[in-house]
Amino acid sequence: MSKKILIADDEQNIVISIEFLLRREGFEVLVAGDGEEALAKVRAERPDLVLLDVMMPRMNGFDVCQALRADPDLSATRILMLTAKGRDTEVSKGLGLGADGYMTKPFSTKELLAEVRKLLGM
């Protein structure tokens, strides 16, 4: 059974490229365009990993991360924050809220796949 990954990002060009990459590697991929949709899809689909952008409409990635960690049924969901906000304060905040990893855009596809595999225990 393939691992299920949710991409939560409002930048369509980034979503398309990451989705293509992950599908090519054999992952099942779900997509959410804003924070509220991401939270709803995690609740409904129970992905193994969420690739979570910080800057999204309707609910930012920090709030989504915090909501997932506060929900006992979802708190074990792996979270990799992907964001253009790479300052130390943002990284510390994301990790402090419970993200399992943090990557700054732009990133290489090789780095992303390595981090995804690491977080999924592959």
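**Charged pairs and their setting**

Modeller: For a chain of 122 residues, a compact globule would have a radius of gyration near 14 Å, and the 13 Å found for the protein chain agrees with that. This radius is taken over C-alpha atoms, and the globule rule is 2.2 Å times the number of residues to the power 0.38. The model is predicted, so local features are given only at pLDDT of at least 70 and side-chain atom pairs only at pLDDT 80 or more, while totals for chains, interfaces and linings use all residues. Residues are numbered from 1 along each chain as its sequence is written, and side-chain values use heavy atoms, with hydrogens and water left out.

The C-alpha atoms fill a box of roughly 30 × 30 × 25 Å along the principal axes. Within it the protein chain has 5 helices and 5 strands, in the order β-α-β-α-β-α-β-α-β-α from the N terminus. Both kinds of element are DSSP runs numbered from the N terminus: helices are H or I runs of at least four residues, strands are E runs of at least two. Of the 122 residues, 44% count as buried; buried means under 20% relative accessible area, exposed over 50%, and partly exposed in between, with a 1.4 Å probe and protein chains only. Contacts (heavy atoms within 4.5 Å) give a view of the fold: among those between residues at least 6 apart in sequence, 61% join residues at least 24 apart.

The charges come next. The protein chain carries 17 positive and 20 negative charges, and their mean positions are 3 Å apart. Lys and Arg count as positive and Asp and Glu as negative, whereas His and the chain ends are not counted; the place of a charge is NZ of Lys, CZ of Arg, CG of Asp or CD of Glu. Side chains of opposite charge can pair when their charged atoms come close. The whole structure holds 14 salt bridges, each a side-chain nitrogen of Lys or Arg within 4 Å of a carboxyl oxygen of Asp or Glu.

One of them joins Glu11 and Lys105, with 3.6 Å from N to O. Glu11 belongs to the loop between strand E1 (4-8) and helix H1 (12-24), and Lys105 to the loop between strand E5 (101-104) and helix H5 (109-119), so the pair ties together parts that are 94 residues apart in sequence.

The peptide bond from Lys105 to Pro106 is cis, with omega near -5 degrees. Pro106 lies in the loop between E5 and H5 and is exposed, with a relative accessible area of 81%. Its C-alpha is 14 Å from that of Leu80, a residue 26 positions away in sequence.

Helix H5 holds a pair of its own. Lys118 and Glu115 form a salt bridge, their closest N and O atoms being 3.5 Å apart, and they are placed 3 residues apart in H5, about one turn of the helix. Here Lys118 is exposed, at 55%, while Glu115 is buried, at 16%. A further bridge connects Arg24 and Glu25 at 3.8 Å, N to O; Arg24 is exposed, at 53%, and Glu25 partly exposed, at 32%.

Arg46, in the loop between helix H2 (35-45) and E3, has phi near 50 degrees, a positive value in a residue other than glycine; Arg46 is partly exposed, at 45%. Arg58, in the loop between E3 and helix H3 (61-70), likewise has a positive phi, near 70 degrees, and is exposed, at 58%.

Val116 is 67 residues from Leu49 in sequence, yet their C-alpha atoms are 7.9 Å apart.
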